[in-house]
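Dear colleague,

I am handing over the structure below, and I would ask you to open it beside this message, so that you can follow the description as you read.

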Amino acid sequence: MSNSRRGNYQNSYRGHARGGRNPNHRQQHQQPIIANQSAFGPQDGGFDTSGWGNYTNYYPVSQQIFNNQPRGNDARPRSNYQNNQSRQQTSNNTVLACDEYLSEEQVLKDIADKKTIRGVLRINAKQYTDAFISDPDSGSDFFIDNVRERNRALNLDEVAAQIKPKRQWKIIPEFTNLVEQCIRDLRNEKTSSAEKEGEKLTDTNVPKSSPSKRDNKRETLNTLNAQNINLSDEMIDKIPDQYFQRTVKVVFLFRRRHSMKAAGLIRKMPDNNPNFALFSPMDSRIPRLMIPIENCPENFKDRPSDYEKSLFVARIVDIPADKKFAKGELMENLGDADTVEAQSKAILMENDIRDEEFSEEVIKCLPLEKDTWTIPDEEFSKRLDLRKQCIFTIDPATARDLDDALSCEQLANGHYKVGVHIADVSYFVREQTPLDTEAAQRTTSVYLVERVIPMLPRLLCDRLCSLNPDEDRLTYSVIWTMNEQGDILDEQFTRSIIRSCVKLSYDHAQDIIEHPDKQFQSNDLPSITNNFTVNDITRTVLQLYKISKALRSKRAGALTLNQPKLQYQMKADTKIPLSFSIYQQKDSNRLVEEYMLLANMQVARKLCLTDRIFEKVILRRHPPPNASTIQNTLKLIKSSGIDIEGSSSGEISKAIQKIKDDSTQKLLIHLLAKSMQLAIYCCASCVPNNDYSHYALNVEYYTHFTSPIRRYPDILVHRLLGATLDYNENLYQTPRTLEQIAQLCNEKKLNAKTCSERSAELYLAVLIKEYGTISDEAVIVGVKDESLDVYLFRIGVPVRVGINNLPLDHPRTSFQKLSPNQSAELTIYWKNNDPPQIVKQVLKSFDIVNVDIMSEFDINMKKLKLTAQLRHPNAEKLATLAKLCSSTMLDNPISIQQRQDFDPYSEY
């Protein structure tokens with residue numbers, strides 16, 4: 001492929017991020033470990049309360065389009081629709097204050113009376129005015145329809161929300177026609193009681209064609225009832241609940257879980273207020289901030305244009321109930337917004353990931369010898385010496401933190417002794433030390449495309465704890481006696497010392513699996529030590545593989561929802577992506593996966609069956625999906641002709657395996673994965689109803705034991721296992737404190753996952769920007785009145801496709817749903833000029849369409865983002881996306897691969 005576009009890319013992404021902390025920034029206090037428990041939408045969101053109550057007036061207007069207009073609401077260009085609406089509403093100069101929070105006592109009483117719900121607020125990244133809260137009773141989500149009713153709560157905050165009466169619930173847009181029909185039927189019942197029962201509807205009673213785009217926003221009965229029929233509560237109750245989304249408003253903030261940080265730009269205030277600057281976050285879900293001018297760079301007041309390209313990080317100081325903007329302060333200048341470095345830093349800062357060197361106090365906790373450290377003599381008397389066993393690691397070729405190793409020895413009776421050996425990180429990370437505190441605050445390593453932000457200092461990750469070949473290492477071992485069918489005949493948990501004899505990559509192991517009869521030579525594998533031979537290694541790999549297949553067959557009832565993951569090949573000097581590939585999980589990956597899963601399950605069982613430590617056991621549980629959510633997903637899938645009987649993990653797994661079409665199977669996995677709840681860490685004695693089970697794995701007990709270098713819960717589990725084996729005392733924390741630590745781990749894990757995903761999206765956007773518009777097939781996931789949600793199934797990327805800019809024969813579009821069991825569909829009419837004709841296209845879920853995928857740099861918000869456009873149904877079907885998977889590599893490229901978690905269920 002030609003690289004002619006590379007020059008343009010370099011012009012757009014030139015220079016290095018000129019960072020540096022603002023000297024006026026007040027350092028934020030470190031959040032303690034234990035908290036006190038008393039997309040692609042609009043880019044310039046904020047608490048501009050002039051639009052509250054009518055969220056169509058709240059959309060910030062892009063300066064790229066209206067370049068001569070100030071950003072304040074007073075001078076925004078307005079559509080005719082907005083002008084008409086404003087006549088019926090308060091002036092834009094009026095600030096509508098948020099309601100005061102209710103007392104906690106009142107809120108708890110209302111929750112007990114089912115008048116109020118408690119949950120985590122989720123704000124739609126593509127439509128920041130929309131927010132949701134999961135139903136604690138497993139019903140459909142509750143909806144919050146504007147910023148004012150979020151009442152200063154931010155994304156992921158834990159809130160209490162008061163349930164509104166049914167007449168204020170929002171009508172699901174695709175059911176609008178059906179609700180209108182119900183209203184007409186109610187009118188006929190009320191005014192025509194003397195007429196014959198079963199009278200046919202007149203033409204005026206037939207459901208209207210699709211409402212206009214503006215009318216098709218979520219409405220209530222009050223706004224939809226154009227004929228002003230007096231609808232009593234009794235009449236409203238006759239309209240099916242399934243046509244509505246229940247609405248709530250936030251009345252109390254239990255816990256501020258948001259990081260209170262944002263990346264964005266600073267500008268002059270819309271009203272030219274000389275005392276403040278306006279900070280506009282890149283994330284539209286975060287309010288705009290007023291920054292004191294003294295907190296801004298020294299010359300910003302006189303030369304604000306010097307900072308048009310600078311990306312800053314700000315902290316939210318306060319969100320007043322009666323002000324247009326929140327209050328904030330600048331923390332750091334990340335440098336030019338049009339650099340990948342600045343964008344990557346912004347991703348980390350917004351997700352509260354600490355990207356800094358470990359303090360001297362933490363480093364002092366490490367062995368002073370560092371390069372010369374050896375295992376103390378007394379440890380050999382306390383541990384099982386396995387250094388003479390054939391033990392080795394299987395990891396990605398680029399991995400440095402090798403925290404697990406495997407062994408397999410065939411016994412004289414035909415059985416096998418199989419071992420999983422995990423680095424004993426708890427030996428170095430002692431309780432109540434600065435190192436332990438730091439690990440407990442970070443809780444996880446963070447894997448970006450171009451680098452890793454470790455949970456522990458590199459000395460531990462890469463050397464002292466890493467199970468490098470030909471080095472004595474401290475480990476915890478789980479050793480089983482098994483038969484060929486994978487039945488466990490005996491089990492041993494112990495502290496040990498191992499010496500790995502070789503570092504295999506997945507490719508090495510895969511080669512052995514695929515060629516069991518091949519006579520491998522020494523140069524086919526990495527250097528082998530401890531007097532073991534190539535035959536020893538190949539024999540052991542094949543034995544492990546044979547048993548792993550039996551173990552996998554025993555887990556037939558488990559649900560695996562692995563979605564495509566991207567990995568990038570990059571230029572060594574600039575780290576600009578050259579191409580990408582889809583991470584392929586092969587038999588060698590599944591081999592390791594089976595033993596890691598088994599070790600996690602068996603350690604969990606061991607801990608839970610030990611009464612004296614049970615109340616402090618840290619588990620990884622996966623709640624079943626919300627009943628309403630999974631049923632809606634299964635109903636959507638059924639509308640495409642695929643019927644999944646039941647909602648258990650086993651039934652869903654069997655149904656997926658029966659699907660042979662690749663695109664359909666990937667779409668099903670995508671939809672079902674979205675329907676799942678996240679797996680969570682918890683303290684066993686704090687789990688309600690003693691439900692410790694893991695839905696996806698279909699097991700009663702599960703925990704994380706196998707990755708202590710990169711996950712803090714695994715360190716806690718190692719300490720618990722040590723307590724069961726009388727190696728150490730039980731955890732010193734109370735169950736309540738451990739539950740709070742577990743909750744922090746959940747939050748940090750979600751943040752790390754978000755960072756990894758956004759990093760992959762950023763590099764994909766950079767790559768596509770470099771090569772220009774590409775095309776590929778996509779499957780429609782959801783149909784809306786003005787857009788489609790599609791899934792690029794080859795690469796596992798969802799994207800929203802708008803229709804407003806298409807060459808359509810307006811206003812000939814039709815969006816409707818005429819029965820509860822019918823999927824929503826959108827009909828559009830393409831306008832062709834050569835030859836002149838109108839082409840009709842009906843779009844519904846599960847249809848495959850061709851789209852053009854582009855990467856645009858948002859000039860207004862200095863943010864690179866993916867966009868997509870629907871191709872004409874008669875246009876040539878292109879799949880140029882595949883070309884980026886096979887780009888010609890330049891000199892000295894490096895392949896950077898995001899670390900894949902062995903546990904495919906860790907994302908839940």
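Predicted model: local features only at pLDDT ≥ 70, side-chain atom pairs only at ≥ 80, totals over all residues.

**An open sheet and a barrel**

Strand β1, which covers residues 116-123, is joined to strand β4, residues 158-163, by five bridges, and the two run antiparallel. Both belong to an open sheet of five strands, ordered β3-β2-β1-β4-β7, in which the pairing is antiparallel. Because β3 (142-144) and β7 (248-255) stand at the edges and each has a single partner strand, one side of each is left without a neighbour in the sheet. From one strand to the next, the twist averages 40°. Across β1, β4 and β7 lies helix α3, made of residues 104-112, and this helix runs at about 120° to β7.

How do the strands of the barrel follow one another? Five strands close into it in the order β26-β27-β28-β33-β32, and here the pairing is mixed. On average, and ignoring direction, neighbouring strands of this sheet are turned by 50° against each other. Over four bridges, strand β26 (residues 774-783) pairs with strand β27 (residues 787-792) in the antiparallel sense, and Val779 stands opposite Tyr791 in β27. Helix α20, residues 735-771, packs on this sheet, where it touches β26, β28 (797-802), β32 (848-858) and β33 (863-870), and its direction makes about 70° with that of β33.

With kind regards

Conventions:
Residues numbered from 1 in each chain as written. Heavy atoms only, no water. Pairing = 2+ DSSP bridges. Axes fitted to C-alpha atoms, helices over the stretch in contact; angles between N-to-C directions. Contact = heavy atoms within 4.5 Å.
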